[in-house]
Amino acid sequence: MSQKRRTRAEQVRLKRLLLIIWAVFLLLVLGVIVLLILNKDSLMEDLGMKKDTIYAENADPDINKLVSDYYAAYAACDQKALQSMVTDPSLFDDMSIVEKKADVVTAYNNLKIYTILGLKDGETVAYVLTNISIANVVSQPLDIIRPPLYIVKKGGKCLIDNSTLSTEILNYINSLDQKEDIVALMKLVREDQEKCLAEDETFRNFYDRLNQNGSSSGN
């Protein structure tokens, strides 16, 4: 009888041990799954994969050329070129605002264009990131064109809609601004500008003057 009791006791201990081992194993597996979920994006990047975004980067050659030509013309104050690339050329009849801005921002370099489908077929929202050259500033801080461009097709040609956009389109753009991918782009710009502020005294002086002028105009 004592032998049988020992055998049963050993069997119970063995079952308990197996249950403990399984419990530990399951906890380890669960921990690995949680870590994979939390670090999914970085793991995908390590494997050379990118997570899906709401935008396409530099994906449309026609839009890329339009935006690149537009900002080259803007920096050069090329009235005819600007008028040929927008839906309302008359808004460039007076070039004083463009000329005033071109005195400060002298060039737009390294353009990256992030496009999202617009509300209607043939319409596109374009978020443009660019390194800007500023008069008397050494660094070329990253900037994001605000508001984003709304691009339409007319006669098979891409044009920037520079008219007063409808409330529907403005609400759509505002909703895109809240998306994680767009917020990340804005964060990227902010971090680069903070780096330039910390490292480049000429940009710091420009930034301070800009804020002082903004405060004065606000008063």
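Trainee: In what order do the elements of the protein chain run from the N terminus on?

Mentor: This is a predicted model. The protein chain has eight helices and six strands. From the N terminus on, they run α-α-β-α-α-α-β-β-β-β-β-α-α-α.

Trainee: Which residues of helix 6 are buried, and why do they line one face of the helix?

Mentor: Helix 6 covers residues 167-177, and its buried residues are Ile169, Tyr172, Ile173, Leu176 and Asp177. Seen down the helix axis, these buried residues fall within an arc of 145°, so they line one face of helix 6. On the other side of helix 6, the exposed residues are Thr167 and Glu168.

Trainee: What covers the buried residues of helix 6?

Mentor: Buried here means under 20% relative accessible area. The cover over the buried residues of helix 6 includes strand 2 (105-117), strand 3 (124-134), strand 5 (149-154) and helix 7 (180-199).

Trainee: Which helix gives the most to the lining of the largest pocket?

Mentor: The largest pocket has a volume of about 1100 Å³. Elements that each supply at least two residues of its lining include helix 3 (61-76), helix 5 (96-102) and helix 6. With seven residues, the one that gives the most is helix 8.

Trainee: How many residues of the lining of the largest pocket are nonpolar?

Mentor: The largest pocket is lined by 38 residues, and among those nearest its centre are Tyr74, Lys101 and Arg146. Four residues of the lining are polar and seven are charged. The number of nonpolar residues in the lining is 27.

Definitions and conventions
Residues are numbered from 1 along each chain as its sequence is written. This is a predicted model: local features need pLDDT of at least 70, side-chain atom pairs count only at pLDDT 80 or more; totals for chains, interfaces and linings use all residues. Side-chain values use heavy atoms; hydrogens and water are left out. Helices (H or I, at least four residues) and strands (E, at least two) are DSSP runs, numbered from the N terminus. Buried means under 20% relative accessible area, exposed over 50%, partly exposed in between (1.4 Å probe, protein chains only). The arc is that of the directions from the helix axis to the C-beta atoms. Contact means heavy atoms within 4.5 Å. On a 1 Å grid over the protein atoms alone, a cavity is a set of points where a 1.4 Å probe fits but cannot get out, and a pocket is an open set with protein on both sides within 12 Å along at least five of seven lines; lining residues have an atom within 4 Å of a point. Grid points are joined across faces, edges and corners, and a volume is the space filled by probe spheres set on the points. Ala, Val, Leu, Ile, Met, Phe, Trp, Tyr, Cys and Pro count as nonpolar, Asp, Glu, Lys and Arg as charged, and the others, Gly among them, as polar.
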